[in-house]
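Morning, everyone. Let me walk you through one model, chain by chain, and then the place where the chains touch.

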Amino acid sequence: MSWLPLPAPATGRDPFEQVFGLRENLFEAWRDFSSLFWTRRLVDPRVLELCRLRIAQMLGARYPQSVRTPEAQRAGLREDRIAALASWRTSEAFGKTERACLRFAEQFVLDARGITDADAAAVVAALGDAGTVAFVEALAIFDGFSRFCSSLDIGERA
Amino acid sequence: MIAPRVKAPATQSADPIQASPLALQPELLQAFLRLYGTLWSHGELDQTSKEIARIRNARTIDCPICKAIRFSGARREGLSEDVLDRVRDGWEHSDLTARQKAVLRYVDCFLASPVEIGGDLRRELLAHFTPAQLVELAAAVALFMGFSKIAVALGGLPDSIPVHEQPTPICPATS
C-alpha cells in the first residue's frame, strides 16, 4: 500500500481509488475524462489496452499492470497476447497497427521529442487524424498515471 | 520546429485550443478542460506549488507552449519571474524555499524514475504537505507532463513563444 498515511481501508477497496479519493472532486473529473477513451471507443480498446499495459511495464507501475479494462476484454484481448507484450518487437502476436502504436507509445514515454515523423505517420495512417489525437491523449493519461502510481507506491489490486 | 502530425480543424476561432488538433475530439477536450479547471481552481494545494511544478516539467519536456504560459493565480500569490528563473537545472543550490525544493525534487523524480522515490523524499514531502495535497501534486505533475507530451507529439509548434500571462484555468460551463 502507498506510503501516504491513509484512512483505514474499506474492505476490498481498490488501492488507486483509495489514494486518489483523497482528492475526491479531482478523482471524479479524472475518471470522467479517462473513461471516455473506452466508453466512446475512440480507439480500438485492444490497442489501447496493450499500450496501457506496456507503459505500465516500462514504468514499473504495479497497480495498472494488475488491472484489466473490461472493454478490451470484451473486444477479445487475451492474456496470452498480454504475456507476449514485453517482447512485442520480435513476437508474431502483434499486427501492423499494434506495432505502430506500441512503437509510438514507447517513445512517448521515453522522450516525446524523439518521436519521428515516420513513427507518427504510421499511427495516423492506422487511426486517422481524430483517432491519433485520442490515442495521444490516452497515452498521456497512461504515462502520467502510471507514474502517479509508481511515485506514490500504489500496489496491485487484490 | 516539429512538423504537424495531424491536420487542425477548419475553424475561425481565435482560441488557440479550439483551433488546435485537440478540437478534433470535442468531448475529450471538454472533459479535459473540466479536469484541468478542477485541478487549478478547486484544489487544496497552493497555486505557487503547482506553477513551480508545471514550469519545471515544461522546461524538462521542452514544450514551447507550457514554458511560455504563466497562470495569474500564482502571480497573485506572489510568484515572480525572478523565482521561476531559479526553476532550472541547479535549483538545488538556489535560495528557493525548502517547500519549493521538495516540489522540484518530486517533479524531477517523477519525470526521470518515479519508482525511485525513496524514504528521504517521502519524509520531506510529508513535512511540507498533507496527504491530500500530495495526491493533488502527483495528479498535477501527471497532467502537466501529459499535456506537454501531447503538444510535442502532435507537433506543429513554433520553437519559441514569448512568456505571457493567462487566467488560471477554471471549469468551463457545461452545455
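This is a predicted model: local features need pLDDT of at least 70, side-chain atom pairs count only at pLDDT 80 or more; totals for chains, interfaces and linings use all residues.

A word on terms before the counting starts.

Let's take chain B. Its secondary structure comes to 8 helices and 2 strands. In what order do the elements of chain B run from the N terminus on? The pattern is α-α-α-β-α-α-α-α-α-β. The C-alpha trace of chain B spans about 50 × 35 × 35 Å along its principal axes. Of its 175 residues, 39% count as buried. Now contacts in chain B between residues at least 6 apart in sequence. Of those, 77% join residues at least 24 apart.

Over to chain A. Here we have 8 helices and 0 strands. Reading along the sequence gives α-α-α-α-α-α-α-α. Chain A has 158 residues, and a compact globule with that number would have a radius of gyration near 15 Å; chain A has 16 Å, which agrees. Its C-alpha trace spans about 50 × 30 × 30 Å along the principal axes. The buried share in chain A is 46% of the 158 residues. For contacts between residues at least 6 apart in sequence, 70% join residues at least 24 apart.

Next, helix 8 of chain A, residues 117–152. How far does this helix of 36 residues span between its end C-alpha atoms? Only 35 Å, whereas a straight helix of 36 residues would span 52 Å at 1.5 Å a residue. Look at A:G128. A kink of about 110 degrees in helix 8 of chain A is centred there. Is the helix enclosed or open? Of its 36 residues, 26 are buried, so helix 8 of chain A is largely enclosed by the rest of the structure.

A:D153 is not a glycine.

Compare helix 8 of chain B, residues 131–154. At 1.5 Å a residue, its 24 residues should span 34 Å; the end C-alpha atoms are 34 Å apart, which agrees. This helix is mostly covered, with 21 of its 24 residues buried. Just after helix 8 of chain B sits B:G155, with a positive phi of about 70 degrees.

Now the two chains together. How many residues of chain A are in contact with chain B? The count is 43, and they meet 43 residues of chain B. On the chain A side, the elements giving two or more residues are helix 1 (15–20), helix 2 (24–39) and helix 8. Helix 8 of chain A gives the most, with 20 residues. By class, that side of chain A has 28 nonpolar, 6 polar and 9 charged residues.

On to the nonpolar core. The largest one has 94 residues. Which of them touch the most other members? They are B:L137, B:A139 and B:V141. Take B:A139. Leaving out residues up to four places away in sequence, B:A139 touches A:R23, A:L26, A:W30, A:F148 and B:L39.

Two loop residues in chain A to finish. A:R41 is in the loop between helix 2 and helix 3 (45–58). Its phi is near 50 degrees, a positive value in a residue other than glycine. A:R41 is partly exposed, with 13 other C-beta atoms within 10 Å.

Then A:A93, in the loop between helix 6 (79–83) and helix 7 (96–110) of chain A. A:A93 also counts as partly exposed, with 15 C-beta neighbours inside 10 Å. What does A:A93 touch beyond residues up to four places away in sequence? A:R81 and A:A84. From A:A93 to A:D80 is 13 residues in sequence and 8.9 Å in space, C-alpha to C-alpha.

That's my tour. Over to you.

Key. Residues are numbered from 1 along each chain as its sequence is written. Chains are lettered from A and ligands numbered from 1 in the order in which they are written. Helices (H or I, at least four residues) and strands (E, at least two) are DSSP runs, numbered from the N terminus. The radius of gyration is taken over C-alpha atoms; the globule rule is 2.2 Å times the number of residues to the power 0.38. A residue is buried if 20 or more other C-beta atoms lie within 10 Å of its own, exposed if 12 or fewer, and partly exposed in between; C-beta atoms are placed from the backbone. Two residues are in contact if their C-beta atoms, placed from the backbone, lie within 7 Å. The expected span of a helix is 1.5 Å times one less than its number of residues. The bend at a residue is the angle between axes fitted to the seven residues ending there and the seven starting there. Ala, Val, Leu, Ile, Met, Phe, Trp, Tyr, Cys and Pro count as nonpolar, Asp, Glu, Lys and Arg as charged, and the others, Gly among them, as polar. A nonpolar core is a set of buried Ala, Val, Leu, Ile, Met, Phe, Trp, Tyr and Cys residues joined through C-beta atoms within 7 Å.
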